[in-house]
Amino acid sequence: MIRSTLMIAAASVALSGALAGCALLSSPDPVQLYRFGGASAFAGTGATSACPDVHVSMRRVDFPEAARGDRLLAVTGAEAAYIKGARWVSPAETLFEEALRNAFLDGGTCTVLSSGPLTRDGLLLSVDVRRFEAAYAAPGAVPDVNIVVLLRLVRPGDRSIVAEDRISVSESAGENRQSAIVAAFDRATAEASRQIVLWTDQEGFQAMRD
């Protein structure tokens, strides 16, 4: 009888432990989903097109490995981590490319993104995002959202480089809160997109004249 009681008690303890483990596994920390790219890159600028169309095909936007996917990258000095409890609704590289393509549509500039084969005088735009992160000067400080992009325009026919440049954008979050950091990513993306469109417009138009 004593042996049976001990066996039942042991089984109860094991079952309780298993149920506790299941409860932990089935109750992950809540995650808030965010998006960026909603801010208009040319809101209120009154940009209008006053030049011939420059037909450009844009390659898929390249992102640093650490910033790809749906996690928000934060860096403090040489240390890097992801902001807990926050995710992008889609991979960051996808949201950034969508925002950039919308900026080309909204900018009212010379540049026309081609969805089909390049024309004979068309150009190929390469957008290489090197930094896309919330940077902290110290743990717990108010972060800046930093975006660094390398740009290159190429003539597909002979692969000659028409122009290349580097764009850097920094936006303070104002507060060390998730929503404020996301808003800073949104503003920084809009400004980076605006600069990319204007640069492509200027360099592409110059290439047509040369």
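Where is the place of Val-89? I found Val-89 in the loop between strand 4 (79-88) and helix 2 (92-106). For the record, helices (H or I, at least four residues) and strands (E, at least two) are DSSP runs, numbered from the N terminus.

**Ground rules**

I am working with a predicted model, where local features need pLDDT of at least 70 and side-chain atom pairs count only at pLDDT 80 or more, while totals for chains, interfaces and linings use all residues. Residues are numbered from 1 along each chain as its sequence is written, and side-chain values use heavy atoms, with hydrogens and water left out.

**Entry: Val-89**

I looked up its cover next: Val-89 has a relative accessible area of 41%, so it counts as partly exposed. The scale I use is buried under 20% relative accessible area, exposed over 50%, partly exposed in between (1.4 Å probe, protein chains only).

**Entry: the core**

I then went to the largest nonpolar core, which has 51 residues. Such a core is a set of buried Ala, Val, Leu, Ile, Met, Phe, Trp, Tyr and Cys residues joined through side-chain atoms within 4.5 Å. Trp-88, Phe-96, Val-127, Phe-132 and Ile-196 have the most contacts inside it. Among the elements that each supply at least two residues of this core are strand 2 (54-58), strand 3 (71-76), strand 6 (123-136) and helix 3 (178-209). Helix 3 gives the most to this core, with ten residues.

I picked Phe-96 and listed its contacts (heavy atoms within 4.5 Å). Leaving aside residues up to four places away in sequence, Phe-96 touches residues including Phe-36, Phe-63, Val-127, Phe-132 and Ile-196.

**Entry: strand 3 and its partners**

I count two strands as paired if DSSP finds at least two bridges between them. Strand 3 and strand 4 run antiparallel, joined by five bridges; Arg-71 has Arg-87 in strand 4 as its bridge partner. Their hairpin has two residues between the strands, and there Gly-77 takes a positive phi near 65°. Strand 3 and strand 6 run parallel, with three bridges, and Thr-76 has Tyr-136 in strand 6 as its bridge partner.

**Entry: Val-148**

Is Val-148 buried or exposed? I noted that Val-148, in strand 7, is buried because its relative accessible area is 7%. Skipping residues up to four places away in sequence, Val-148 touches Asp-128, Val-129, Arg-130, Arg-131, Arg-166, Ile-167 and Ser-168. Val-148 and Arg-166 lie 18 residues apart in sequence and 7.2 Å apart in space, C-alpha to C-alpha.
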